[in-house]
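Please look through the structure below before reading the notes. Each numbered point can be checked against it.

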Amino acid sequence: MELHGSARWAIDFEVWKPQEEEWMHALSVLSVEEMQRIQRFRRPVGGGKQIVGRDNPDAKSSCLGRLMMRHLVHEALQIPYEEIVFRRSKENKPYLVIVGYAGFVQLFDHILYCLLRCLLLKRSQATPSSKFACFSFNVSHAGRYVVLAAEPNLAVGVDVMEAAVPHSQCDADVTAFFATMSESFTAREWRTIRCRTPPDIGHQVQQFFRLWTLKEGA
């Protein structure tokens, strides 16, 4: 797959039904920290039992998201898989670890990362990823989808949510949910959510999560 820096990927992870050997191979590609985090996912199913590993949707979507990031970085920046290392910012967004001179690893926030990388690339035109001096990417998963966005020389974010109020059985449940989230949006944004007359609860829920994902992706 040839990439030119920009990427918009969405994968329905439910179609991926790995056998144990394939699942263990997928985990082996990740870092120890990533693998341990994925293995900690638990989903109670009653009777004291829990769904873990490849049968756990949260574990599977998280694993797939990490694999997508690695494939993106490998293809777009031509970095060998074994040299790809990720960290997360204070906002929980993934970014690459910068390997500087003499092999020292430095961790920087996004702005400093871009400035330093541009400086290093000016000094060494042999760097295979020099066409993407500042490479931004983000990944999100919810419901049955894992999504990824990437851009060269621009900050990018992405978020995906299932447009459904948790445990909602009727319109009153939606109204109560909105009340608990009242401070999450401005007065103007709430007017956008409730713009239809007469009130359309289904439309309000869609507008709510549309604005929510825009905020989370920013």
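1. Basis of the note. The model is predicted, so local features are given only at pLDDT of at least 70 and side-chain atom pairs only at pLDDT 80 or more, while totals for chains, interfaces and linings use all residues. Residues are numbered from 1 along each chain as its sequence is written, and side-chain values use heavy atoms, with hydrogens and water left out.

2. The chain as a whole. The chain has 7 helices and 9 strands. Both are DSSP runs numbered from the N terminus: helices are H or I with at least four residues, strands are E with at least two. Of its 218 residues, 39% are buried. Buried means under 20% relative accessible area, exposed means over 50%, and partly exposed lies in between (1.4 Å probe, protein chains only). The chain exposes about 13400 Å², and 54% of this comes from carbon and sulfur atoms. These areas come from the Shrake-Rupley method with a 1.4 Å probe; for residues, only the protein chains shown count as cover.

3. Contacts along the chain. Contact means heavy atoms within 4.5 Å. Among contacts in the chain with a separation of 6 or more, 48% are between residues 24 or more positions apart.

4. The sheet. Three strands form an open sheet in the order S1-S9-S8, with antiparallel pairing. Strands S1 (7-12) and S8 (135-142) are at the edges with a single partner strand each, so one side of each has no neighbour in the sheet. From one strand to the next, the twist averages 10 degrees. Two strands pair if DSSP finds at least two bridges between them.

5. Strands S8 and S9. S8 and S9 (residues 145-152) run antiparallel and are joined by 8 bridges. Ser140 stands opposite Val147 in S9, and Ala142 stands opposite Tyr145 in S9. The hairpin of these strands has 2 residues between them, and Gly143 there takes a positive phi near 60 degrees. Is S8 mostly covered or mostly uncovered? S8 is mostly covered, with 7 of its 8 residues buried.

6. Helix H3. This helix (residues 57-77) lies across S1, S8 and S9 and runs at about 160 degrees to S8. Axes are lines fitted to C-alpha atoms, for helices over the stretch in contact, and angles run from 0 to 180 degrees between N-to-C directions.

7. A charged residue without a salt bridge. Lys60 lies in helix H3. Lys60 is buried but has no salt bridge, and the nearest side chain of opposite charge, Asp55, is 7.1 Å away. For charge, Lys and Arg count as positive and Asp and Glu as negative; His and the chain ends are not counted. Which residues does Lys60 contact, leaving aside neighbours within four places in sequence? They are Phe13, Glu14, Trp16, Pro18, Trp23 and Arg54.

8. The structure holds 10 salt bridges. A salt bridge is a side-chain nitrogen of Lys or Arg within 4 Å of a carboxyl oxygen of Asp or Glu. Arg66 forms one with Glu34, with the closest N and O atoms 3.9 Å apart. This pair links distant parts of the chain, as Arg66 is in helix H3 and Glu34 is in helix H2 (residues 32-39), 32 residues apart. Both Arg66 and Glu34 are buried. Arg43 forms a salt bridge with Asp58, with the closest N and O atoms 3.2 Å apart. Arg43 is in strand S2 (residues 43-46) and Asp58 is in helix H3, so the pair ties together parts 15 residues apart in sequence. Arg43 is partly exposed at 32% relative accessibility, and Asp58 is partly exposed at 30%.

9. Other salt bridges. Arg196 forms a salt bridge with Asp200, the closest N and O atoms being 3.3 Å apart. Arg196 is partly exposed, with a relative accessible area of 42%, and Asp200 is partly exposed at 29%. Asp12, Glu14 and Arg144 are linked in a network of salt bridges.

10. Glu189. This residue lies in helix H6 (residues 187-193). Not counting residues up to four places away in sequence, Glu189 touches Ser184, Leu211 and Lys215. Glu189 and Phe208 are 19 residues apart in sequence, and their C-alpha atoms are 8.8 Å apart in space.
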